[in-house]
Amino acid sequence: MFQILKKCILLLLIAVPVFAQSNAEENEPFWRQALGGFVLSLPDVQVQSAVVALDGGNIRAYSTAGTPMWNYYARGRISPFVTRSREGTSYFSRTNGTLIAVNRAGRELWQYNLGSPLCAKVIPGWDSRIFAPTDKKIFCLTASGNLLWTRNFESSFSVAPKLDKTGGILFALENNDIYHIDPFGKVSRRVLQKPPIALLSVESPHETGSGSASPEYRIITVYTDGTMELIQYENISVSAHGGTLSAPIPRLPSTPVAAISRGNKIAAVSDDGTITFISLEENRIIWSGDSHIKEVINKGRKPELEAEMLFDERGVYVLSKDGASGFTHDGRRLWFSFLYNAAAIPAFGNDGVLYSGGLDWILYAYKIEDRILPDNFSIYGPVPEGAYGTGHFNRSYIPGIPYFEFEIKPRLDQIESGIKAGMVGENELAWISFLMSVADSKSPIQHRVSAVRLLGQIGSQETIPWFVYLFRKEADPAVKATIAAAIGSIGVDPDGVAIDLFFNSIGPVQGMHDSQVLTAIAAATGALCRFSGPPLSLTGIRILLMLSTDIRPIMVSRQAKRELASLR
């Protein structure tokens, strides 16, 4: 009998490869680490490591195996929000409003004065730009810390900004206004008659597809009474009740506390601990179940109603200070876990590990699932869901291209002034196309060099492949060196295309010998290594070692040695 039972349990574990736990006290943590401080917010888990923000002003990073990786001290108290980008860069702010970027190796990259501290997490965009929210304000900066645009608002945020399916951000204000801001700062606003608790970007039911982004997605407003409203993106600026789609979205059974979407499916958890799964395609509730919050209520305890949700290829997850729950897409509860004395909402990683910072100043990691999220990874984190179109020339943005030198320079000066003022905004696509047209033309060298330099300051990661194309095509050393410098100023190369270009350019096959170009390659390689850290820096260090030898020109070897020293 015992052997039969043993075989049944084994088959069950194979069929559902998770580690079920009904009480965290009954299961030893996978690992634990003393933090030396109080955890301010949920850990951010990405690229095989987790970072936590502490009340003493420290950001600590640990590998998914529990090994301490680095400890950054912000030299002051920090706000309770830390975000990691695809490259593993951590973004957070001091309470005095200083935004700080720290790379995946714990090295500070840059600081920017926001004027007031973050009021929510920084949101990384598709091309590594970031959206930084403070009270009544949002800043958009490049990955290297250059300001692209700023937007001000009348009220504080009631629903924190989040990236939507168009690559822009959605949020709500305390005055019941909801906003959508596209990546270039274009604002759409709508006034609601009651406050939403969540805004979701969903695929349109029965969408036939027209090739444009706006008709393919809709906005769902989730209200405290359990009702939901479906709004067209193109009608978000229409007055309340105008432009709203008449869709019979089922009402949630009780007051929702968190909601999330994927495709045209919605999952929401309510204050009674019930999780509800809705299909917009079928306009009905597919299933409902009891989360760990329901179990807490059944035990006679008052639950923590602040919650986060995940919805990915593995299933749907509910996270709160009381614990976590996991469900399959068809509604089977995989597991639930209780947490006691958690200082913040836990985080659930792609590797199936639950990370929780305790009131006892200890970070706990519980191995919950054996399944690993099958994300589309490159060298670093998941590949972005889309692109902003900043990586190629588009004539439609600049119908009147100037062809005479006296017309080009004033336009370059205008663009440079806009970049310095942090007012790129809605001009970005037009400016990028104009700069590309000048850089890849027979214009005077000084204009082409200026155009390349300004492209680097606008700083879109999507421009990197175009720079690689131009570098290979270009013959003039001044332009070639400026292209390398522009790549370094962007700082982001998660696919490794630029670092591969540099490596191949200095090898015996290419035979690059120009000192100006080689010096620029050394400086750009150092910048990419400082920003992205390992594993990109492994190839970068090889490049710098090759350029630092005595057989290279003195100015090249000196620059390479300086870059190597900066990486220690």
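Start by selecting residues 536-547, helix H10. Helices here are DSSP runs of H or I with at least four residues, strands are runs of E with at least two, and both are numbered from the N terminus. H10 has 12 residues and reaches 17 Å from its first C-alpha to its last, close to the 16 Å expected at 1.5 Å a residue; the expected span is 1.5 Å times one less than the number of residues. This is a predicted model, in which local features need pLDDT of at least 70 and side-chain atom pairs count only at pLDDT 80 or more, while totals for chains, interfaces and linings use all residues. Residues are numbered from 1 along each chain as its sequence is written, and side-chain values use heavy atoms, with hydrogens and water left out.

Stay on H10 and show the side chains of Leu 536, Ser 537, Gly 540, Ile 543, Leu 544 and Leu 547, which are buried. Buried means under 20% relative accessible area, exposed over 50%, and partly exposed in between (1.4 Å probe, protein chains only). Looking down the axis of H10, the buried residues fall within an arc of 110°, so they line one face of the helix; the arc is that of the directions from the helix axis to the C-beta atoms. Their packing partners are H8, H9 and helix H11 (554-566), where contact means heavy atoms within 4.5 Å.

Next, select helix H6, residues 464-473. Ile 464, Trp 466, Phe 467, Val 468, Leu 470 and Phe 471 are buried there. The buried residues of H6 pack against helices H4 (428-439), H5 (445-458), H7 (477-490), H8 (497-505) and H9 (515-532).

Cys 140 is buried at 0% relative accessibility, and Cys 529 is buried with a relative accessible area of 3%. The structure holds zero disulfides, a disulfide being a pair of cysteine sulfur atoms within 2.5 Å.

Two loops come next. Most residues other than glycine have a negative phi. Arg 75, in the loop between strand S5 (68-73) and strand S6 (83-84), has a positive phi of about 60° and is partly exposed at 48% relative accessible area. Lys 136 has a positive phi near 65°; this residue sits in the loop between strand S11 (130-134) and strand S12 (137-141) and is partly exposed at 35%.

Finish at Ala 34 in strand S1 (residues 31-34). Ala 34 is exposed, with a relative accessible area of 58%. Which residues are in contact with Ala 34, leaving aside its neighbours within four places in sequence? They are Tyr 62, Trp 361 and Ile 362. The C-alpha atoms of Ala 34 and Trp 361 are separated by 6.1 Å, although the two residues are 327 residues apart along the chain.
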